[in-house]
Amino acid sequence: MIAIYMAIVIVAMVILGSVTKNLQLKKSSRDMITFISLFAFFVMAMFPLIGAVVHDGPVCWFFQKWGNIFMGLFMFFFMTLAAVAIIELIIWTVRRASKKKGGVPHGAAAMLIIPLIVTVAVNLAGSQTAHDVKVTNYSIEKEKLGLTEPARIVLFADTHIGVNSTPKIYEDMVDRINEQDADLVVVAGDLVTSSFGAMRDPETYASIMRGIESKYGVYAVYGNHDVDEPLLGGFTYAGKENAKRNPAMEGWVSDCGWKLLTDDVMRIPELNGLVIAGRRDESRPGEGFDERAPLSDLLKETDPDDSILLLQHEHSDLYELDEYGVDLSVSGHTHDGQIFPGNIITKILTEQSYGMENWGDAIAVVTSGVGYYGPPIRVCTISEIVVIDLI
Ligand SMILES: [Fe+2]
């Protein structure tokens, strides 16, 4: 992963250098711009790398924080640069075919200035979108979950409290949740971003989460990022064996006032005995577990008549939900791709990247989540809590 990242950085520097070298300026100015832009780019590109290799702690978090911001800038600068280069090439080809005079139509200046403007604009707008928590509503017939009276479930996931987090987004999230008058609140994992310590002030975040109001409690599961492991620009690379659950994590979840489910099943008598089954994460089951319990084991104590709400971080086993009597599965994990073109890629690569879908007799809801992972931006996706009305 580190070698791939360095290869990308080197290719990017070659491209950037070739653009600045072709600026129509005096040679001395051109050389100075080339040196400054390559030097600045290289220094910034080292931030995610240093954040990935130094030991988990304040130095690591500093480099991860600014490295994540750099990754957002880097992505959009080079995506726009590629788009501008393709447009310039098309115009040049058309001109050449029609035997019109002229070289590259707008030249290197356009290939530098347009990407810079787009990068800053998209990152500013993306940060605004990421921090604006929306409410997404779905409705299901109450009989589906064996209820005789209407009820309201609120789902949220992927809070990803970490190096780029500030409390404000979670305060807003809690405000949105409390506006819903929820009967039940479920939290579908990725509470932190691969470092419990990076939260820095767990008590502040726990006190915010304790403010969540829910008639019959708040139930949570862990996600793949609720372990301590090194990250490169937000991505894990060191393998499952290097991922360890921080011993303080469970106490923090308890301080939030949440009931943690790790391959556990609970019944809620006030909701006609609705069963909540909460799974360990599939890729990072934690605490010395090589793998989580299969659905057959997790649900073996339930009756065929039971109504089952499955809470799992990643939307897996979708084809088997029906077979094991799951009525509603709620998950996060995908972030709906978080940053364009991730939303398109996630749609292609996953069975359900977002929204509500039927899988046989079962219904699955996947949320795009509240927080962010890697660059603290969202482009073409939203931060949300999900409200499921059982009517
Ligand atoms: Fe996540």
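Trainee: Is strand 14 (residues 383–390) buried or exposed?

Mentor: A residue is buried if 20 or more other C-beta atoms, placed from the backbone, lie within 10 Å of its own, exposed if 12 or fewer, and partly exposed in between. Six of the eight residues of strand 14 are buried, so this strand is largely enclosed by the rest of the structure. Strands are DSSP runs of E with at least two residues, and helices are runs of H or I with at least four, numbered from the N terminus. This is a predicted model, in which local features need pLDDT of at least 70, side-chain atom pairs count only at pLDDT 80 or more, and totals for chains, interfaces and linings use all residues. Residues are numbered from 1 along each chain as its sequence is written.

Trainee: Which way does strand 14 run relative to strand 1 and to strand 2?

Mentor: Two strands pair if DSSP finds at least two bridges between them. Strand 1 (residues 133–140) is parallel to strand 14, with eight bridges. Strand 2 (residues 151–156) is antiparallel to strand 14, with five bridges. Val387 of strand 14 is the bridge partner of Asn137 and also stands opposite Val154.

Trainee: What is the strand order in the open sheet of six strands?

Mentor: The order is 8-9-10-11-13-12, with mixed pairing. Strand 8 (264–268) and strand 12 (355–359) are the edges, each pairing on one side only. Within this sheet, strand 10 (residues 308–311) and strand 11 (residues 326–331) run parallel, joined by four bridges. Leu311 faces Val330 of strand 11.

Trainee: Where does Leu49 lie?

Mentor: Leu49 is in helix 2 (residues 27–53). Leu49 counts as partly exposed because 17 C-beta neighbours lie inside 10 Å.
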